[in-house]
Amino acid sequence: MTQTEYFTSPQGRRLAYHRSPGKAPGVVFLGGFKSDMDGTKAVHLEAWAQATGRAFLRFDYSGHGQSSGVFTEGCIGDWAEDAMAAITKLTEGPQVLVGSSMGGWIALLCARAMPERLAGLVTIAAAPDFTEDAMWEGFDAEQRAELAAHGQVALPSEYGEPYIITRRLIEDGRAHLVLRDPLTLPFAVRFLQGTADEDVAVSVALRLLEHATGPDMRLTLVDGADHRFSDPDCLRLIERSVEEVLERAGSA
């Protein structure tokens, strides 16, 4: 297990990370909403990278895990800045990004802002534009009124304490939507999605596949897999998908 290290982003946020040396292109794991870098998929991929001699980076967005900040004060734009700062500061050359849930949206924002730093992309239950299409569109009149009046609303979560959704999160999300404008992914891309995912519907994965343009994009649906996508078969599929993207990048 690598040691936790820290760096300060250009925005002044102290971000925690684990980095393993190895051959290029490296692999960067981008976690989900209110997740952290010690999750099953991130740690599993780190072990895979160390076993295969591949450079690897996992980190916590601000307000997540061991990084500075308060979760409820953050937003998509902040966390995308964190990801781009980590890629810029802590990696060299093009990277294969592995984005889980919200991390898939963050990865797509990175692809749009810094395509020269991407060698490929793997998403796991990607949730692009979820603040608008899942949260805001799913709010009833009472919840929208509460958000307007108090600046936040609480949503139940099966993962623990309720999610506190802020007005800033919703409004900032609208400035970072990726499914409304052209989205070019000029490298190998593998989208992974479980059919039993109750947080991100299969229709989201299909919409992303249809919306994006690129020379080598594939969507794999796993029957019965849920949003965690962390059982042994799913973890092996993530490994194989990363290896395939690396092969397409000419570096396997």
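This is a predicted model: local features need pLDDT of at least 70, side-chain atom pairs count only at pLDDT 80 or more; totals for chains, interfaces and linings use all residues.

1. Phenylalanine 229 deserves a look for its backbone: phi is near 50 degrees, a positive value in a residue other than glycine. Most residues other than glycine have a negative phi. The relative accessible area of phenylalanine 229 is 1%, so this residue counts as buried.

2. Alanine 125 also has a positive phi, near 50 degrees, and is not a glycine either. You will find alanine 125 in the loop between β6 (118–124) and α4 (130–135). Its relative accessible area is 0%, so alanine 125 is buried.

3. Do check the peptide bond between alanine 24 and proline 25: it is cis, with omega about -10 degrees. Proline 25 belongs to strand β3 (residues 23–30). Most peptide bonds are trans.

4. On charge pairs, the count comes to 16 salt bridges. In one of them, aspartate 82 meets arginine 13 at 2.8 Å, N to O. This pair links distant parts of the chain, 69 residues apart: aspartate 82 is in helix α2 (residues 76–90), and arginine 13 is in the loop between β1 (5–8) and β2 (14–20). Both aspartate 82 and arginine 13 are buried. They also take part in a network of salt bridges that includes Asp78, Glu81 and Arg168.

5. Another salt bridge joins arginine 58 and glutamate 46, whose closest N and O atoms are 3.0 Å apart. Arginine 58 lies in strand β4 (residues 54–59) and glutamate 46 in helix α1 (residues 40–52), so the pair ties together parts 12 residues apart in sequence. Arginine 58 is buried at 0% relative accessibility, and glutamate 46 is buried at 2%.

6. For arginine 180 and aspartate 133, the salt bridge is 2.6 Å, N to O. Arginine 180 is in the loop between α6 (167–174) and β9 (188–194), and aspartate 133 is in helix α4, 47 residues apart. Arginine 180 is partly exposed at 39% relative accessibility, as is aspartate 133 at 29%.

7. Which residues line the largest cavity? Among them are Phe29, Met37, Arg58, Asp60 and His64. The lining divides into four nonpolar, three polar and three charged residues, and the volume of this cavity is about 60 Å³.

Notes:
Residues are numbered from 1 along each chain as its sequence is written. Side-chain values use heavy atoms; hydrogens and water are left out. On a 1 Å grid over the protein atoms alone, a cavity is a set of points where a 1.4 Å probe fits but cannot get out, and a pocket is an open set with protein on both sides within 12 Å along at least five of seven lines; lining residues have an atom within 4 Å of a point. Grid points are joined across faces, edges and corners, and a volume is the space filled by probe spheres set on the points. Ala, Val, Leu, Ile, Met, Phe, Trp, Tyr, Cys and Pro count as nonpolar, Asp, Glu, Lys and Arg as charged, and the others, Gly among them, as polar. Helices (H or I, at least four residues) and strands (E, at least two) are DSSP runs, numbered from the N terminus. Buried means under 20% relative accessible area, exposed over 50%, partly exposed in between (1.4 Å probe, protein chains only). A salt bridge is a side-chain nitrogen of Lys or Arg within 4 Å of a carboxyl oxygen of Asp or Glu.
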